[in-house]
Amino acid sequence: MKNNSRKAALRRAEELKKTILNYEQALPDIPTGFGQWRRILENQERIKSLLGATDEDWQDWRWHLEKRVTTAAELKKYLTLSPQQLEEIEQTGSIYRWAVSPYYLSLMDPQNKADPIRRQAIPSLPECADHIGTSDPMDEEHTSPAPAVTRRYPDRLIINVTNQCAMYCRHCQRRRNIGEKDLATPRRDLMAALDYVSSNKEIRDVLLTGGDAFMLDNSSIAWLLEQLDQIPHVEIKRFGTRTPVTLPFRIDDELCEILSRHLPLYVNTQFNHPLEVTPAAQEACFKLARAGVSLGNQAVLLKGVNNDPFVMRKLNQELLKIMVRPYYIFHPKRVKGTAHFWVKIEEGLKVMEHLRGYTTGMAIPTYILNAPKGYGKVPLLPQYLLWIGDDTAVIRTWENRIIKYNNREAGD
Ligand SMILES: *Cc1c(COP(=O)(O)O)cnc(C)c1O
């Protein structure tokens with residue numbers, strides 16, 4: 001290589017380094033699950049001793065479900081809460097159900113009111129004060145051609161297998177289904193849903209979700225997968241579950257063994273903050289990956305949790321480290337009781353603008369706005385194509401260079 005080109009390349013490398021200086025400066029203030037693991041382990045020990053739990057209990061997902069915290073009085077043992085907050089939680093909790101697993105609780109900083117984990121899990125007054133949102137903005141009630149089925153696209157559909165979750169997210173888009181009781185979808189409804197898939201040959205992709213699909217026991221999951229594998233036109237199965245985030249111990253060896261017998265299979269989960277990417281989540285995700293399952297992330301853009309370009313960049317980088325490929329960032333839906341999480345579209349575009357070019361392409365999900373009335377997912381992207389004419393285009397690069405591009409075919 002010529003000396004001059006090496007010099008130019010070194011200059012360019014210096015220039016490139018400068019483009020992430022502000023990110024590097026912001027990083028010390030962005031907590032991650034790996035960075036905070038020691039503090040999280042201390043929380044775990046405190047929670048375990050308060051519950052009289054053994055190490056074995058802590059690894060047992062059923063124990064976590066049983067010991068989910070569901071009252072303000074109990075929560076007070078683990079988090080610093082003012083009398084006013086206690087009152088808020090009780091009041092809101094009487095309208096919107098809540099439950100948090102001891103594991104997810106252990107990720108919270110007990111002193112920090114603005115903790116992004118706390119914000120996703122613990123009720124607050126704005127939920128009751130929301131008079132703008134609607135209960136079913138995507139009109140799922142009118143897109144159900146068979147029991148437990150939601151169909152909005154030509155070749156794929158959702159089967160809702162349960163309304164149960166390990167944790168009831170404060171930003172839940174299906175709050176109206178959560179109700180007061182945990183209900184697995186009755187077997188006869190599942191059979192009707194499977195019949196619908198069977199008799200509609202264009203359905204090549206079936207998503208099992210809820211609620212949280214991994215709240216079903218292993219034998220029900222095995223049964224569903226066996227049924228689906230008997231339908232010749234079903235090419236792929238997908239699961240929607242937040243258990244790798246909220247209850248990683250759910251990913252047990254038996255479940256992995258079952259899943260590995262039914263490939264090709266995709267699991268989509270929902271990490272929303274780098275604090276959720278912990279060694280425990282890593283273990284769960286690696287187990288799934290070793291079983292041959294491909295993992296994707298569907299984050300939700302949430303005010304006060306992750307509406308920050310650097311938090312999102314860090315989140316997506318942390319996800320690749322645990323073999324989870326960022327898939328979607330959802331613009332928050334206008335669901336009643338969640339208005340305090342809403343942001344404007346401009347914020348999502350800003351997040352996207354700060355990903356492309358600055359980091360690994362695989363760390364860049366698609367930003368999705370769900371069209372009202374259930375008309376489907378709409379991808380949104382900052383403008384990179386500024387103009388297009390007959391033989392030229394004007395493009396904008398990730399560094400904001402505006403460049404003319406020759407768009408003529410060879411013969412023109
Ligand atoms: C989101 C969704 C899907 C899956 O969409 P993909 O873009 O294929 O991931 C399928 N059915 C319904 C009803 C959905 O809302």
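Modeller: One term to begin with: a pocket here is an open set of grid points with protein on both sides within 12 Å along at least five of seven lines. Its volume is the space filled by probe spheres set on the points. And keep in mind that this is a predicted model.

Colleague: Fine. What is the volume of the largest pocket?
Modeller: About 1000 Å³.

Colleague: How many residues line the largest pocket, and which lie nearest its centre?
Modeller: The lining counts 48 residues. Nearest the centre are Gln173, Arg174, Thr209, Gln298 and Phe330.

Colleague: How does the lining of the largest pocket split by class?
Modeller: 22 residues are nonpolar, 16 are polar and 10 are charged.

Colleague: Which strands supply at least two residues each to that lining?
Modeller: β2, β3 (205-209), β4 (236-240), β5 (265-269), β6 (294-300) and β7.

Colleague: Now the ligand. Where does the ligand sit?
Modeller: In the largest pocket. Two elements give two or more residues to the shell around the ligand: β2 (156-160) and β7 (324-330).

Colleague: Which residues are around the ligand?
Modeller: Thr150, Arg152, Tyr153, Arg156, Ile158, Arg238, Tyr327, Tyr328 and Lys377. By class, that shell has 4 nonpolar, 1 polar and 4 charged residues.

Colleague: I care about the tyrosines. How far is a polar side-chain atom of Tyr327 from an oxygen atom of the ligand?
Modeller: 2.6 Å. For Tyr328, a polar side-chain atom lies 2.5 Å from a ligand oxygen.

Colleague: And what about the side chain of Lys377 and the ligand?
Modeller: An N or O atom in the Lys377 side chain is 3.1 Å from an oxygen atom of the ligand.

Colleague: How much of the ligand does the protein bury?
Modeller: 89% of the 390 Å² that the ligand exposes when taken alone.

Colleague: Switching to the backbone. Which residues are joined by a cis peptide bond?
Modeller: Gly210 and Gly211 are joined by one, with omega about 25°. Leu263 and Pro264 are also joined by a cis bond, with omega about 0°.

Colleague: Why point those out?
Modeller: Because most peptide bonds are trans.

Colleague: Where are Gly211 and Pro264?
Modeller: Gly211 is in the loop between β3 and α13 (218-229). Pro264 is in the loop between α15 (253-260) and β5.

Colleague: Which residues other than glycine have a positive phi?
Modeller: Ala148 is one of them, with phi about 65°. Asn400 is another, with phi near 75°. Most residues other than glycine have a negative phi.

Colleague: In which loops do Ala148 and Asn400 lie?
Modeller: Ala148 lies between α10 (126-129) and β1 (149-150). Asn400 is in the loop between β11 (392-396) and β12 (402-406).

Notes:
Residues numbered from 1 in each chain as written. Predicted model: local features only at pLDDT ≥ 70, side-chain atom pairs only at ≥ 80, totals over all residues. Heavy atoms only, no water. Near = heavy atom within 4 Å. Polar contact = N/O pair within 3.5 Å; in protein donor to acceptor, adjacent residues only side chain to side chain. Areas by Shrake-Rupley, 256 points an atom, 1.4 Å probe, with all protein chains shown as cover. 1 Å grid on protein atoms, 1.4 Å probe; cavity = no way out; pocket = protein on both sides within 12 Å on 5 of 7 lines; lining within 4 Å. Sits in = over half its atoms within 2 Å of the grid points. Helix = DSSP H or I, 4+ residues; strand = E, 2+ residues; numbered from the N terminus. Nonpolar A, V, L, I, M, F, W, Y, C, P; charged D, E, K, R; others polar.
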